[in-house]
Amino acid sequence: MPPKRQQKALAGKGGRNRREDDDLTEVGDQDEWLNAKTLVKPEDQLNLTETELKEEITRILTANNPHAPQNIVRYSFKENTYKQTAHVDQLAVHFSLDGNLLHKESDEAKRQLTRQGIAEAPADEDAAEEETEKTDEVKAEGDEEGASPEPKSGGGAKKLTNQFNYSERASQTYNNPHRERGTATEPPPRATFSANASQWEIFDAYKEDFERQMLKKIEEGGLSREEKQKLALAERNKEKKLPGRKDESKNKKKLTSIDGQNDDFNLISKAVKVIERMVNQNSFDDVAQDFKYYEDVSDEYRDQEGTLLPLWKFAYDRSKKLAITSLCWNPKYRDLFAVSHGSYDFMKQSKGMICFYTLKNPSFPEYTFPTESGVMCLDIHPEHPYLVAAGFYDGSVGVFNVTEGKSVAQYMSTAKNGKHTDPVWQVRWQKNDLDNNLNFYSVSSDGRIVQWTLVKNELHFHDVIHLSLAEGSNDSPDGGQLSTLCCGTTFDFHPQTDYMFLVGTEEGKIHKCSKAYSTQFLDSIDAHHMAVYKVSWNKFHPKIFITCSADWTVKIWDHTVKDPMFTFDLSSSVGDVAWAPYSSTVFAAVTADGKVFVYDLNINKYEPICEQSVVAKKKTKLTHISFNPYHPILIVGDERGYVTSLKLSPNLRKLPKNSNNFDRRAKGQGKKGASAEITPEGEIAKMDKLLALVREPELAKKN
């Protein structure tokens with residue numbers, strides 16, 4: 001038997017044996033199914049009827065994933081909005097396994113085979129073996145067909161098809177995911193442009209276009225005679241052209257650039273101000289040391305006399321030609337004071353200015369408020385130190401707010417709401433009225449004393465009193481009486497009695513008035529022969545006040561007596577006088593010859609304890625003086641716009657042994673005084689002791 005047939009016969013026997021084994025296993029399985037089986041019913045199973053059991057429920061299987069999200073949104077750069085994706089990936093992976101099989105013809109497989117020592121047969125030998133095997137099989141099949149057929153054993157050669165071996169297969173196809181690719185490009189540059197298309201701009205545009213066309217024709221050489229005439233006319237008009245809208249727009253651009261620079265400067269203004277103060281502190285270090293620590297040692301060898309040490313000098317370039325018309329210290333900030341600039345010469349009136357200076361920066365004012373008319377007086381509110389009331393030469397009054405940062409007045413009187421007709425010489429804040437509204441008073445040369453009330457955004461006025469001359473009434477042409485008004489120059493309110501105040505006039509009289517009486521005075525005194533420049537109540541004694549006048553005199557009065565208690569002749573017109581804040585017997589005055597006089601009645605009742613010239617030029621007049629309420633300095637203003645600060649030597653602020661120096665807060669400055677506090681009772685007693693020496697004996701007995 002050939003070798004091929006032997007192999008097939010063995011294969012047939014083997015197939016027959018496997019078939020018998022399968023039959024035996026099938027018979028065994030059938031015996032298991034014949035056994036009775038008991039059904040185990042779960043407790044929670046539903047009890048369904050026959051109809052319900054026979055009911056067919058159709059289930060349709062789809063390729064959609066029930067768990068796939070349906071509300072996915074993505075940003076569309078094309079439409080600049082978020083849009084919901086229409087196609088969702090429905091692929092659901094149930095099983096995934098990463099294998100490590102390699103293709104035998106790959107480079108990695110070949111490297112592994114060579115590493116294991118298995119030599120690869122050449123490709124030509126494999127192909128030859130395959131060809132020989134195919135030829136042998138073909139020959140063997142031809143021999144079998146040519147031989148006589150033999151009975152097949154076992155039927156292993158023929159494969160019977162199993163008609164029940166049918167299965168339905170289904171597979172899920174892979175849905176390609178929807179991909180949207182977008183790119184973000186750099187947006188093109190944008191610019192906002194706006195312009196007004198008015199008639200003159202359209203006309204200018206047409207003219208420019210016409211000139212452009214003419215120039216183009218000139219270059220080409222095809223210009224007619226009429227066109228040449230039109231072009232010449234256009235050039236002449238261009239020469240006479242006034243500045244139009246384009247020039248205005250250029251100016252606006254310049255202004256906006258300046259505003260932008262101001263905004264940038266405002267961001268660093270605080271830091272610049274601090275640096276400026278530091279630089280000034282270094283520049284004026286010697287003056288600051290004198291202000292703090294210097295004491296004139298020569299006072300110990302002088303007999304009841306003192307000196308004034310010049311410290312800082314304040315000036316502003318824009319107000320140098322204007323006279324100092326008023327000085328006022330800030331009640332809250334001890335180093336800050338306000339200065340008003342104007343002119344006392346009615347033939348040389350110009351603009352005015354209000355400046356705020358500080359001892360920390362003498363080179364430049366902290367705040368400036370330019371005004372259209374000269375500022376003749378000012379006063380800072382004692383409880384609201386940012387409010388400044390001012391009176392002007394044109395008769396108006398105004399209130400400035402320092403915190404607003406505006407250079408114009410927050411409140412201003414006009415001819416419609418009671419403006420004075422003559423210059424306002426003094427203003428003074430008073431306590432709030434019954435409605436808790438701020439109010440101040442003003443006195444003017446028109447003979448009116450007016451109360452001004454700040455109500456919302458307006459000034460309401462009320463005439464308190466008219467300063468009339470009783471002996472100055474004249475007969476009118478109609479036979480009636482015309483009352484003559486005297487010119488008020490200064491006034492001062494009593495520190496304790498609110499309703500009582502004193503008024504000084506140009507006729508040299510002092511009127512004691514009350515807020516309750518608008519037609520008559522409580523008392524009148526013929527105080528001076530010329531205009532009264534200042535009247536001021538004593539800061540301690542309720543009955544004493546002081547006056548100064550252009551008749552060269554300073555007088556101290558008791559308002560219950562019509563004769564002066566003390567009279568001092570200073571040999572020149574006295575511009576201002578002020579009581580010292582630390583003693584009831586010390587006062588200072590300035591004169592038109594540039595001198596400062598300091599008196600202490602407790603030391604010398606007849607002569608000043610200091611007489612000193614403080615101006616650089618001899619003909620310069622001093623106009624005003626003011627004591628600092630906390631530091632041992634005073635400031636004086638002149639007609640050239642300069643403010644000079646002066647420090648009092650120890651003899652000028654020397655007090656009796658039972659009281660203390662007013663600058664007791666400073667270290668080491670109360671050398672000659674005891675440590676007792678200043679009391680109003682002690683100051684009143686000191687003044688009464690002096691008054692008792694100069695009063696008549698009968699008047700002294702009555703008191």
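Is Cys486 buried or exposed? Cys486 is buried, with a relative accessible area of 0%. The model discussed here is predicted.

**The chain overall**

The chain contains 11 helices and 32 strands. Of its 703 residues, 35% are buried. Among contacts between residues at least 6 apart in sequence, 48% link residues at least 24 apart.

**Cysteines**

Zero disulfides are found in a search of the whole structure. Cys486 takes part in no disulfide, and its nearest cysteine sulfur, in Cys487, lies 7.1 Å away. For Cys513, the closest cysteine sulfur is that of Cys486, at 8.8 Å, which is too far for a bond. A disulfide would need the two sulfur atoms within 2.5 Å. Cys513 is also buried, because its relative accessibility is 0%.

**Thr623**

Thr623 belongs to strand S30, which covers residues 622–627. Its relative accessibility is 9%, so Thr623 counts as buried; the cut-off for buried is under 20%. The Thr623 side chain reaches the backbone oxygen of Ile324 at 2.6 Å. Ile324 is also one of the residues in contact with Thr623 when neighbours within four places in sequence are left aside.

| Residue | Relative accessibility |
|---|---|
| Cys486 | 0% |
| Cys513 | 0% |
| Thr623 | 9% |

Key. Residues numbered from 1 in each chain as written. Predicted model: local features only at pLDDT ≥ 70, side-chain atom pairs only at ≥ 80, totals over all residues. Heavy atoms only, no water. Helix = DSSP H or I, 4+ residues; strand = E, 2+ residues; numbered from the N terminus. Buried < 20%, exposed > 50% of the residue type's maximum accessible area, 1.4 Å probe, protein only. Polar contact = N/O pair within 3.5 Å; in protein donor to acceptor, adjacent residues only side chain to side chain. Contact = heavy atoms within 4.5 Å.
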